[in-house]
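These are my notes from a first look through a model I had not opened before. I went from the whole chain down to single residues.

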Amino acid sequence: MLEKLQKVEEHFAEVEARLSDPSVVADVEKFTALTREHANLEPIIAKLREYKKISAQIDEDKNLLETSSDEDLKTLAAEELAELKKSKAALDVELPILLLPKDPNDYKNVVMEIRGGVGGEEAALFAGDLFRMYVRYAERQGWHIEIVDSSSTTIGGFKEIIFTVEGAGAFSKLKYESGIHRVQRVPVTESGGRIHTSAVTVAVMPEAEEVDVAINPADLRIDTYCASGAGGQYVNRTETAIRITHLPTGIVVQCQDEKSQLKNKEKAMRVLRARVKDLAVQEQNEAIAADRKNQVGSGDRSGRIRTYNFPQGRVTDHRIRLTLYKIEEVLNGDLDDFINALITADQAKKLSA
């Protein structure tokens, strides 16, 4: 581990030197990439230097205990040595985690899609509950959410809602939310008081930058149409809504949230780039995923990741077998316990590999 850390420290010094090179500063793309790499390496280097300092102090205290004749000094050294050993043990755990390969998408913004699945109106209502949960979680994190497109129901739910999340580390945390979310409760539409089980799908994609995905304008069919909604001067009068079809993949994205056609087009392109990139990654990993499934079988319970049980007031994440009895808090955006546990489990899996 220390050999790897030494190489990281040497590379960090190289990155710092390059950042002060005028030719690099003049190249915006190179400078941005190096700045990002420097920011990623900085926490590792800070911990490494702390580790070195503690190790040196441990050696000094050990030497003092062996050579000093002053009993008071030896007592102080022994007490300090015990604390230093605890700190070093904690760093022994922390440093290997910091050395794990970083997901290159972790720093990116997010495109999220929530769709009501099995359960009809009740699934649509719960899709609305999940959207509000993510809005509140984003507020806690200091992130910004923008709706791209939505299809609402008459009683306040969503058949589908697509939105972006902008903020530091958004994908690094929200990527664990992708999958099927199951709800068990008595629907507002149920007169007999029976508990129903419904499902909602959540898709989480890193927002693709223009440099990530090359989209040929000739491969796009762009249609404009009048926005639909509750009314207002723009509804059914001006063709501000946009529908973009990516002909090679058949991916269709539409946006009518803004009153400006240009803004709707920009939002739709953000989602389109994310979907095209996501499709490319899926195709790239398809053979590996199929081979893994053949070897270990399907243990994902058909993609179900979490169950929200209202009668028992509990939320269970099936991937890490974590159950918390605080459903109201979770739906109000208190997702830290689940997301932190999922990050820890992911890190443990990578360490064991």
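I began with contacts between residues at least 6 apart in sequence: 59% of them join residues at least 24 apart. I kept in mind that this is a predicted model.

**Whole chain**

I looked up the secondary structure next. The chain has nine helices and eleven strands. Then I checked burial. Of the 353 residues in the chain, 38% are buried. The surface came after that.

**Helix H3 and its partners**

I turned to H3, residues 28-67, and H4, residues 71-98. How do their axes cross? They come within 9 Å of each other, at roughly 150°. An angle over 145 degrees counts as roughly antiparallel, so H3 and H4 are roughly antiparallel to each other. I noted the hand as well: the crossing of H3 and H4 is left-handed. In that contact I find 16 nonpolar residues, three polar ones and ten charged ones.

H1, residues 2-19, also meets H3. Their axes come within 9 Å too, and the crossing is roughly 135°. That makes H1 oblique to H3. H1 passes H3 in a left-handed crossing. The residues of this contact are 13 nonpolar, four polar and seven charged.

**Val-110**

I picked a strand residue next. Val-110 lies in strand S1, which covers residues 110-116. Is Val-110 buried or exposed? Its relative accessibility is 0%, so Val-110 counts as buried. I then listed what Val-110 touches, leaving out residues up to four places away in sequence. The list holds Phe-163, Thr-164, Val-165, Ala-170, Phe-171, Leu-174, Val-204, Met-205 and Glu-207. I also took one distance. Val-110 and Gly-169 are 59 residues apart in sequence, and their C-alpha atoms are 9.5 Å apart in space.

**Asp-278**

I moved on to a helix residue. Asp-278 sits in helix H7, residues 261-296. Its relative accessible area is 25%, so I wrote Asp-278 down as partly exposed. Which separation did I look up for Asp-278 and Pro-206? They are 72 residues apart along the chain, and 8.1 Å separates their C-alpha atoms.

**Glu-239**

Then I went to a loop. Glu-239 is found between strand S6 (220-225) and strand S7 (241-246). At 42% relative accessibility, Glu-239 is partly exposed. What does Glu-239 contact, leaving aside neighbours within four places in sequence? I found Thr-224, Tyr-225, Cys-226 and Gln-261. I noted a distance here as well: the C-alpha atoms of Glu-239 and Gln-256, 17 residues apart along the chain, are separated by 9.5 Å.

**Arg-321**

My last stop was another loop. Arg-321 lies between strand S10 (314-317) and strand S11 (322-324). With a relative accessible area of 77%, Arg-321 is exposed. I checked the backbone too. Most residues other than glycine have a negative phi. Arg-321 is not a glycine, yet its phi is positive, about 55°. I marked Arg-321 in my notes for that positive phi.

Note on methods: Residues numbered from 1 in each chain as written. Predicted model: local features only at pLDDT ≥ 70, side-chain atom pairs only at ≥ 80, totals over all residues. Heavy atoms only, no water. Axes fitted to C-alpha atoms, helices over the stretch in contact; angles between N-to-C directions. Helix = DSSP H or I, 4+ residues; strand = E, 2+ residues; numbered from the N terminus. Parallel < 35°, antiparallel > 145°, perpendicular 65-115°, else oblique. Left-handed = near helix turned anticlockwise from the far one by under 90°. Nonpolar A, V, L, I, M, F, W, Y, C, P; charged D, E, K, R; others polar. Buried < 20%, exposed > 50% of the residue type's maximum accessible area, 1.4 Å probe, protein only. Contact = heavy atoms within 4.5 Å.
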